[in-house]
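Subject: The model for you to look through

Hi there,

Here is the structure I promised to pass on. Please open it alongside this email, and my notes on what turned up follow below.

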Amino acid sequence: MRTYIIIIMFIYSNSMIAQMHIDTIYANEKKNVALFFPNPIRQAITGTSHFVFNYNREKEQYFGLLQATPGFESNLLTITKDGKVYSYILKYSNILPKLNYFILESKSIGNEKPSKINLKPIDKPTNDYTNRLTYFHKFSEFLLNLKPKKLATKRKSGMLLRLQKVVYNVSEVYLVLEVENRSLIDFEIDYLNIFKINGNKKRKASYQRLEQKVIFKYKEPSVIKYNQSLSFVYIISKFVLGENEEISLELKELNGDRNIILNTKL
């Protein structure tokens, strides 16, 4: 079982090394090198037997002690109680540059479980479109797999709302949308409404703002986390814009005051 875990660890660590810089820790048989993690250690393993990492397996603690005998370099894979994964190159050295390592959570190379994307429940179409539900799913997924475009973009308060594609199909219009969170605060979606606008807002007598009924939503998220970008599809009834008309997308934050409005003539 230990050999099996080491093989998995070796493959995983090597693939991660190809993607990012991995720090090196030096050890020998004369002194203990202490590693302090931001959360208690749940599991740790070295790639070869001449590196030994001791930690309390019965009562979870924040630190472990590393020793080594002469031999080829190896690696250390550690998983903390919160699921964070840490990986280090291990090398033997008679002279140790450090005896204590205080490891920051930012040094984690990932999580043993992939982060979940919170999606809103899929809106069921109205009765008129019930028999087209499967088609809406498949065609929306097809559009999301195409190379994204940038038809129109609005940035505000660290948030980005982008219209990637507008596709006319049968009697519907598919809007491929993207929301990106570049702020430090998660963005919970209250609603994203679509309007057809006619006229100039400054001239109230001639200004019209008509909300377009959304037939179906595909993969609409409920939360956009920090540094996350998600794409999804809105389906509305087919429309044609007049010379003075444009489409307006209004994204509103739940329990917050961030509001993003994207206007475009398509």
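A salt bridge here is a side-chain nitrogen of Lys or Arg within 4 Å of a carboxyl oxygen of Asp or Glu. With that in hand, look at Arg209 and Glu250: they form a salt bridge whose closest N and O atoms are 2.5 Å apart. Arg209 belongs to strand β14 (residues 208-211) and Glu250 to strand β18 (residues 245-253), so this pair ties together parts that are 41 residues apart in sequence. Arg209 is partly exposed, at 38% relative accessible area, while Glu250 is buried, at 11%. Please keep in mind throughout that this is a predicted model.

**Other salt bridges**

How many salt bridges does a search of the whole structure find? The count is 13. One of them joins the side chains of Arg162 and Glu178, with an N to O distance of 3.2 Å. This pair also links distant parts of the chain, since Arg162 sits in strand β11 (residues 159-169) and Glu178 in strand β12 (residues 172-181), 16 residues apart. Are these two partners buried or exposed? Arg162 has a relative accessibility of 7% and therefore counts as buried. Glu178 counts as buried too, because its value is 9%, and the cut-off for buried is under 20%.

Asp186 and Lys225 make another salt bridge, with their closest N and O atoms 3.7 Å apart. Here the link runs between two loops: Asp186 is in the one between β12 and β13 (187-198), and Lys225 is in the one between β16 (223-224) and β17 (228-237), 39 residues apart. Asp186 is partly exposed at 33% relative accessibility, and Lys225 is likewise partly exposed, at 33%. In general, side chains of opposite charge can pair when their charged atoms come close.

**The open sheet**

Next, the strands. An open sheet is formed by 5 strands in the order β10-β11-β12-β17-β15, with antiparallel pairing. Its edge strands are β10 (152-156) and β15 (214-218), each of which pairs on one side only. From one strand to the next, the twist averages 20 degrees. Within this sheet, β11 and β12 run antiparallel and are joined by 10 bridges.

**Around β18**

The strand that holds Glu250 deserves a look of its own. In β18, 7 of the 9 residues are buried, so the strand is largely enclosed by the rest of the structure. What does β18 pair with? There are 9 bridges between β13 and β18, which run antiparallel; among the paired residues, Ile189 has Glu253 in β18 as its bridge partner. Another 6 bridges connect β18 with strand β19 (residues 259-264), again antiparallel, and there Ser248 stands opposite Asn263 in β19. The hairpin of β18 and β19 has 5 residues between the strands, and Asn255 in it takes a positive phi near 55 degrees.

**Positive phi in two loops**

Most residues other than glycine have a negative phi. Ser157 has a positive phi, near 55 degrees. Ser157 is in the loop between β10 and β11 and is partly exposed, at 47% relative accessibility. Val170 likewise has a positive phi near 55 degrees. Its place is the loop between β11 and β12, where Val170 counts as exposed at 56% relative accessibility.

**A nonpolar patch**

Last, the surface. Which residues form a nonpolar patch there? They are Leu184, Ile185 and Tyr226, with about 380 Å² of accessible area together. Ile185 lies in the loop between β12 and β13, the loop that also holds Asp186. At 56% relative accessibility, Ile185 counts as exposed.

Happy to talk any of this over once you have had a look.

Best wishes

Note on methods:
Residues numbered from 1 in each chain as written. Predicted model: local features only at pLDDT ≥ 70, side-chain atom pairs only at ≥ 80, totals over all residues. Heavy atoms only, no water. Helix = DSSP H or I, 4+ residues; strand = E, 2+ residues; numbered from the N terminus. Buried < 20%, exposed > 50% of the residue type's maximum accessible area, 1.4 Å probe, protein only. Pairing = 2+ DSSP bridges. Axes fitted to C-alpha atoms, helices over the stretch in contact; angles between N-to-C directions. Patch = residues over 30% accessible without salt bridge, like charges linked within 9 Å, V, L, I, M, F, W, Y side chains within 5 Å. Areas by Shrake-Rupley, 256 points an atom, 1.4 Å probe, with all protein chains shown as cover.
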